[in-house]
Amino acid sequence: MDLLSNLSLGLHMALAWPQLLAAVAGSLLGLLTGVLHRLRPVTMIALLLPLVPMLDTGVALILLVGIHCGARYGAAAAMLMTQPAEPGVFGVSPLAAQAHALTIQGRGAAMLRLGAVAGFVAACGGLLLIVLLAPPLTELAFRFGAAEVFSLMVLGLVGSAALAGGSLVGSLGMAVLGLLLTQIGRVPQSDLLKQGIGVIPLAIGLFAAGEVIINLGRAAQARRERIVPELVAGRWPTRSDLREAWTAVLRGTLTGSVLGLLPGASTMLAAVSSYGLERRAAAGPVAGAMGPEAARHAAVQTTLLPVLTLGIPSSATTALLVAAMTIKGLQAGPLLMTGQPSLFWGLIASIWIGNVVLLAVGLSLAGVWDRLLTISYRRFAVPVLLLCCFGVYLGGGERAIYLTAVAALMGYFFHKLRAQVAPLLLGFILGPMMEENLRRALQLADGEWSVFASRPLSLGLLMTALLLLVLVLLPKIRSRRQTVFREEG
Amino acid sequence: MKLKSQRDFWSGLMFVLIGLAFAWASTAYDFGSSAQPGPGMLPFALGLLLALLGGLVLFKSLAIESERGEPVSEIAWRPVLLVPVAICVFGYGMPRLGLLCTVPVVTVLGMLAAGETRWRWAVLAALTATVVAWAVLIQGLHLALPVWPTVVR
């Protein structure tokens, strides 16, 4: 059996001490990121990016993927326990409000434990889908010529803009801006820009340092945003909770696994869709909270599938994974699985191990998160700032630091204009690969641009991108899209 | 003329200006042929595309009504100015003054950005940050970072 031998290969790699340690550390770090006030997984991954050159390839990727998956569980804790902030500005999200109501009833710790189990079940479901779909998808990807790869990347970019929050045209603009930034430094221009823009200063500036400014700016507005009730520790979910939740968890796992494959803010889309599903089924409050929880976890796992098999990241965090692979001289895409099978399957096995860790921590420590949640962002603004500086300086020296300062300002002003940074980063990561494939496709076709339309697979991908744009612009879907992304608030 | 959405107006304007700047700058380079695009072709095309998208956003901001005019909220000048300054000071200071002099300055700047005005706390944080950075990075990881100012070295 191919599958079993692959999995045993993966486990063999993942169970070595360094890899095991990386999986545990990544999950715990991710968990902490999710729980702490206003730190995001993409920030944490950006901060760790400078470490990548010093680590073994497998260890580095396992660490980053662990953060990607672990942050979800922490975020669930934060959502359960905090008062949905800023009513009237974005509209209170019904899901968060309902989750918070459960905590007020003294069921917070029980719900967190149930959430840990739901998340684990969903993660297993999502991983199963990856394991089943990865080999055929990889095979498909090998049949792609340069034209198809280019069209697929166009679809990925358009999809990430269409399914991100904010205005569609604005997000497309951000993606194009990301592509343009990769063009800097191809030909000698000014001294500062001669070597182009590195991904580490850009990512750390836009996400980590930019967020420091954003959050300190928020604190300056002096408003207590969250009200954290005390968790009643030592409570476990009851049998009736389990009975109420299990179908919702299975439904959520299925919804999340499938929706996670979409580009853009697919985890949020998964949670909101699952919540709508439970509402329609007139499910109780516990099912209404656990279904979306499962959907979110499942989606977090399956967002990795397009990156690992096709090399197309769909979110800012997965884009940084591609950047980490590039730093290590690996090419994200079908070559990963065939060329480095032990790395590929080891990564999958590590994600599973990380989820076991999350389950154990979630079940045992469900009563202590409230203390972490009350830490204000101001406390770690300075440590984050110093980490940004050291990380960038070690990788790129003085020039990279100045780029980071500029990127941080850009990150703040994009935030002020509600412009989406994720499409920009995606464009920046995909840019060089798109250009290479564009050149190769044109070369093979003697400069005929029609090559992208005359090859059926390529045409299909481009038409899908076009269809996506038209769909998002339809009034009915447009208003629904706005309600979905209100959750982002 | 009244703006229908301030946010869209400024992002549209930003896209148009950046797009046109790229397109204009790329005219200095070879466009190549369709089979072999030169270095000027892609930035030119992408710049025009960005300017076009920016034009759409700009048009929307002037023509289509939005909720409450989507104003750009107040800019928090203190962190906006101090955080980039702190980052630049780090970059300028490290190769010239070394870790032991740069980290406390950057820490104090960061504390100021965070609105901490009590000097006792800022000094305490600066000392802690310097000792931790020195112990972890220099003693622990043996990273090749300058520790002392160039004058002393």
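Tutor: A residue counts as buried if 20 or more other C-beta atoms lie within 10 Å of its own, as exposed if 12 or fewer do, and as partly exposed in between, with C-beta atoms placed from the backbone. This is a predicted model, in which local features need pLDDT of at least 70 and side-chain atom pairs count only at pLDDT 80 or more, whereas totals for chains, interfaces and linings use all residues. Residues are numbered from 1 along each chain as its sequence is written, and chains are lettered from A and ligands numbered from 1 in the order in which they are written.

Student: Why is Arg418(A) called partly exposed?

Tutor: Arg418(A) has 17 C-beta neighbours inside 10 Å, so it is classed as partly exposed. Its place is in the loop between H17 and H18 of chain A, where helices are DSSP runs (H or I, at least four residues; strands are E, at least two), numbered from the N terminus.

Student: Why does His142(B) count as exposed?

Tutor: His142(B) has 8 C-beta neighbours inside 10 Å, and therefore counts as exposed. His142(B) is found in the segment after helix H5 (119–140) of chain B.

Student: Why is H2(A) called oblique to H15(A)?

Tutor: Helix H2 (residues 17–35) and helix H15 (residues 341–364) of chain A pack at an angle of about 50°, with their axes 9 Å apart. That angle makes H2(A) oblique to H15(A), because angles under 35 degrees count as roughly parallel, over 145 as roughly antiparallel, 65 to 115 as roughly perpendicular and the rest as oblique. The axes are lines fitted to C-alpha atoms over the stretch in contact, and the angles run from 0 to 180 degrees between N-to-C directions. The crossing of H2(A) and H15(A) is right-handed, a term for a near helix turned clockwise from the far one by less than a right angle, left-handed being anticlockwise.

Student: Which residues make the contact of H2(A) with H15(A)?

Tutor: H2(A) contributes Gln19(A), Leu20(A), Ala23(A), Val24(A), Gly26(A), Ser27(A) and Leu31(A), and H15(A) contributes Gly346(A), Ser350(A), Ile353(A), Gly354(A), Val357(A), Leu358(A) and Val361(A). Contact requires C-beta atoms, placed from the backbone, to lie within 7 Å. Ala, Val, Leu, Ile, Met, Phe, Trp, Tyr, Cys and Pro count as nonpolar, Asp, Glu, Lys and Arg as charged, and the others, Gly among them, as polar.

Student: How do you know that H3(A) is roughly parallel to H13(A)?

Tutor: Helix H3 (residues 41–48) and helix H13 (residues 316–327) of chain A pack at about 15°, their axes being 9 Å apart. This angle therefore makes H3(A) roughly parallel to H13(A). H3(A) passes H13(A) in a left-handed crossing. The contact joins Pro41(A), Val42(A), Ile45(A) and Ala46(A) of H3(A) to Ala316(A), Thr317(A) and Leu320(A) of H13(A). Six residues of the contact of H3(A) with H13(A) are nonpolar, one is polar and none is charged.

Student: Why is Thr57(A) called partly exposed?

Tutor: Thr57(A) has 16 other C-beta atoms within 10 Å, so it is partly exposed. Thr57(A) is placed in helix H4 (residues 57–81) of chain A. Not counting residues up to four places away in sequence, Thr57(A) touches Lys328(A), Leu330(A) and Leu343(A). Thr57(A) and Leu336(A), 279 residues apart in sequence, are 12 Å apart in space, C-alpha to C-alpha.

Student: What makes Phe31(B) partly exposed?

Tutor: Phe31(B) is partly exposed because 15 other C-beta atoms lie within 10 Å. Phe31(B) lies in the loop between helix H1 (6–26) and helix H2 (41–63) of chain B. Leaving out residues up to four places away in sequence, Phe31(B) touches Gly38(B), Gly40(B) and Met41(B).

Student: How many residues does each chain give to the contact of chain A and chain B?

Tutor: Chain A gives 47 residues and chain B gives 53 residues. The largest share of the side of chain A that touches chain B comes from H17(A), with 18 residues. By class, the side of chain A that touches chain B has 31 nonpolar, eight polar and eight charged residues.

Note on methods. Contact = placed C-beta atoms within 7 Å.
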